Amino acid sequence: MSRKGNCWDNAVMGRFFLNLKRGRAWQSDYANHDEASRDVADCIVGFYNNVRLHSTLGYLPPTAYEREMAAV
């Protein structure tokens, strides 16, 4: 829940969902809700967490960053 009167609290998630919609949901024609759910989960788990480089994590994917921090 965002703080009262602070529109920036939700900006990061708003951008994430916009990118998800533009990159996946609006590009696909799903047969049913289950197919859409599987595709979105695959995008988040398969691409966003394992492939996409995040500048705030030193240009590493989140899973690689977690492994690196656990080894320290």
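This is a predicted model: local features need pLDDT of at least 70, side-chain atom pairs count only at pLDDT 80 or more; totals for chains, interfaces and linings use all residues.
Residues are numbered from 1 along each chain as its sequence is written. Local features need pLDDT of at least 70, side-chain atom pairs count only at pLDDT 80 or more, totals for chains, interfaces and linings use all residues, and side-chain values use heavy atoms, without hydrogens and water.

Start with confidence. The chain averages a pLDDT (the predictor's confidence in each residue, from 0 to 100) of 88. At least 70 is reached by 97% of the residues. Helix 1 has the lowest mean, 86, and helix 3 the highest, 94. Helices here are DSSP runs of H or I, at least four residues, numbered from the N terminus.

Next, the largest pocket. Its volume is about 250 Å³. Helix 1 (11–23) and helix 2 (33–48) each supply at least two lining residues. Helix 1 gives the largest share, seven residues. The lining includes Phe16, Leu20, Phe47, Tyr48 and Arg52. By class, seven lining residues are nonpolar, two polar and three charged.

Now turn to His54. This residue sits in the loop between helix 2 and helix 3 (62–71). His54 counts as buried because its relative accessible area is 11%, and buried means under 20% (1.4 Å probe, protein chains only). Beyond neighbours within four places in sequence, His54 is in contact (heavy atoms within 4.5 Å) with Tyr48, Tyr59, Leu60, Pro61 and Pro62.

How values were computed:
On a 1 Å grid over the protein atoms alone, a cavity is a set of points where a 1.4 Å probe fits but cannot get out, and a pocket is an open set with protein on both sides within 12 Å along at least five of seven lines; lining residues have an atom within 4 Å of a point. Grid points are joined across faces, edges and corners, and a volume is the space filled by probe spheres set on the points. Ala, Val, Leu, Ile, Met, Phe, Trp, Tyr, Cys and Pro count as nonpolar, Asp, Glu, Lys and Arg as charged, and the others, Gly among them, as polar. Buried means under 20% relative accessible area, exposed over 50%, partly exposed in between (1.4 Å probe, protein chains only).
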